[in-house]
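Colleague: I would like to learn how to read a model of this kind feature by feature. Could you take me through it, giving the general idea and then the case at hand?

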Amino acid sequence: MRTTRIIDSKALVPLALLLLAVLVVAGCSSDSSSDASSSSDDSTSSGSCPDGDTSLSISASVDQWGDIAEQLAGDCGEVDTVITSSSVDPHDYEPTSSDIQKMTSAQVAVINGADYDPWAEKALEGSDVTVVDAGTVCGAETGANPHLWYDPDCVMKMGAAMSEAYEKADESTKSYFENLQKQWTEDMKSYTDAVAATKKVADGKTYGATESVFDYMASAVGMKNETPQGYQNASKNESDPAPGDIQAFKSALTNNDMDVLIFNTQTEGPVPSQLKETADSANVPVVDVTETVPDDASTFQEWQINQLDSLQQALQ
Ligand SMILES: [Zn+2]
């Protein structure tokens, strides 16, 4: 299942994007119509953008943030995301000139920052685009783990920062964006509830990880990272871990020092595969996580909740 997804993802991308577009559109209109029945503000209660001519142009470097940017823009904004395919590794992405153009021609740009998408940061330097940068919004220090969309607090802060940027950019649609932010916060309860429910099961449990992608979430649900430090350092610097670090990792798995192995399916290579094999033969459950929104999830929330469910199952 997990490998099929990666292999098939290239072929499935156009279809998946189409489906995603349909789902996003369907999601927006149904959300907005349910809002219409509960909202007392007539000017923003319609599903379509109140000012027909206004569409805020928004760019996003990666779909982890792009998906949230879309949810918060509704019918009053057009989000153009550069990296949308789970078959691309954002860590070493080389942008095309049209990607740069996409980022710099928008009114609002949503990026991860924290040296995750340095090409986008660089492109936006000195431009008059309003930049919403997760690294800045969430106060990530230089050299911090850049996978900020796995930090529940950061996700909520970013959502608020995006709405704020949208509201400032377009006075005529300010109340529309304000309403959508309220709706979104409500909708995100399913996600924050899933984090809380996972914490009940995961608190105090240990894990090893093939890559640091899930670390913020693991910490949010109270887990202890037992990944050997040498392996973590190598992975952070995108260098090969020393044989001793790999051996230490394998020993930790076979000695049951790790309750689960967190496996990023988007960082392939012989070392993660070996670790997975070791975990399998030591009966340590493997929890698959992805760097970017996978093709089988229609929203950020659905993606994250699915993974948290898998983690809960693995720990039970
Ligand atoms: Zn990563």
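Modeller: Let us begin with a single side chain, keeping in mind that this is a predicted model. Lysine 199 is partly exposed, with a relative accessible area of 38%, and this residue lies in helix α8.

Colleague: Which residues does lysine 199 touch, once those up to four places away in sequence are set aside?

Modeller: With those sequence neighbours not counted, lysine 199 touches Ala220, Val221 and Gly222.

Colleague: How many helices and strands does the protein have, and what share of its residues is buried?

Modeller: There are 13 helices and eight strands in the protein, and buried residues account for 49% of its 316 residues. As for contacts between residues at least 6 apart in sequence, 65% of them join residues at least 24 apart.

Colleague: How should I read the packing of two helices, and at what angle do α8 and α13 pack?

Modeller: Two packed helices are described by the angle between their axes and by the distance between those axes. Helix α8, residues 189–202, packs against helix α13, residues 300–315, at an angle of about 15°, and their axes are 10 Å apart. That angle makes α8 roughly parallel to α13, and the crossing of the two is left-handed.

Colleague: Which residues of α8 and α13 meet?

Modeller: On the side of α8 they are Ser190, Tyr191, Ala194, Val195, Ala197, Thr198, Val201 and Ala202, and these meet Phe300, Gln301, Gln304, Ile305, Leu308, Leu311, Gln312 and Leu315 in α13. By class, the residues of this contact of α8 with α13 divide into 11 nonpolar, five polar and no charged.

Colleague: Are α6 and α7 roughly parallel or roughly antiparallel to each other?

Modeller: The axes of helix α6, residues 152–169, and helix α7, residues 174–187, come within 8 Å and cross at roughly 165°. Angles over 145 degrees count as roughly antiparallel, and α6 and α7 are therefore roughly antiparallel to each other. Their crossing is right-handed. The contact is made by Val155, Met156, Gly159, Ala160, Ser163, Tyr166 and Glu167 of α6 together with Lys174, Phe177, Glu178, Gln181, Trp184 and Thr185 of α7. In the contact of α6 with α7 there are six nonpolar, four polar and three charged residues.

Colleague: And what is the arrangement of α11 and α12?

Modeller: The axes of α11 and α12 come within 9 Å and cross at roughly 20°, and the two helices are therefore roughly parallel to each other. The crossing in which α11 passes α12 is right-handed. Here Ile246, Phe249, Lys250, Leu253 and Thr254 in α11 meet Val271, Gln274, Leu275, Thr278 and Ala279 in α12, a contact of α11 with α12 that has six nonpolar, three polar and one charged residues by class.

Colleague: Turning to burial, how many residues of helix α2 are buried?

Modeller: Helix α2, residues 63–73, is mostly covered, with 10 of its 11 residues buried. Among them are Trp65, Ile68 and Leu72, and also Asp63 and Asp67. Just after α2, glycine 74 takes a positive phi of about 55°.

Colleague: Which residues other than glycine have a positive phi?

Modeller: Glutamate 238 is one of them, with phi near 55°, and asparagine 283 is another, at about 60°. Glutamate 238 sits in the loop between α10 and α11 and is exposed, with a relative accessible area of 52%. Asparagine 283 is placed in the loop between α12 and β8, and this residue too is exposed, at 68%.

Colleague: Is threonine 227, by contrast, buried or exposed?

Modeller: Threonine 227 is buried, with a relative accessible area of 6%, although its place is in the loop between β6 and α10. A polar atom of its side chain lies 2.9 Å from the backbone nitrogen of alanine 209. Leaving aside residues up to four places away in sequence, threonine 227 touches Tyr207, Gly208, Ala209, Gln232, Phe249 and Met258.

How values were computed. Residues numbered from 1 in each chain as written. Predicted model: local features only at pLDDT ≥ 70, side-chain atom pairs only at ≥ 80, totals over all residues. Heavy atoms only, no water. Helix = DSSP H or I, 4+ residues; strand = E, 2+ residues; numbered from the N terminus. Buried < 20%, exposed > 50% of the residue type's maximum accessible area, 1.4 Å probe, protein only. Polar contact = N/O pair within 3.5 Å; in protein donor to acceptor, adjacent residues only side chain to side chain. Contact = heavy atoms within 4.5 Å. Axes fitted to C-alpha atoms, helices over the stretch in contact; angles between N-to-C directions. Parallel < 35°, antiparallel > 145°, perpendicular 65-115°, else oblique. Left-handed = near helix turned anticlockwise from the far one by under 90°. Nonpolar A, V, L, I, M, F, W, Y, C, P; charged D, E, K, R; others polar.
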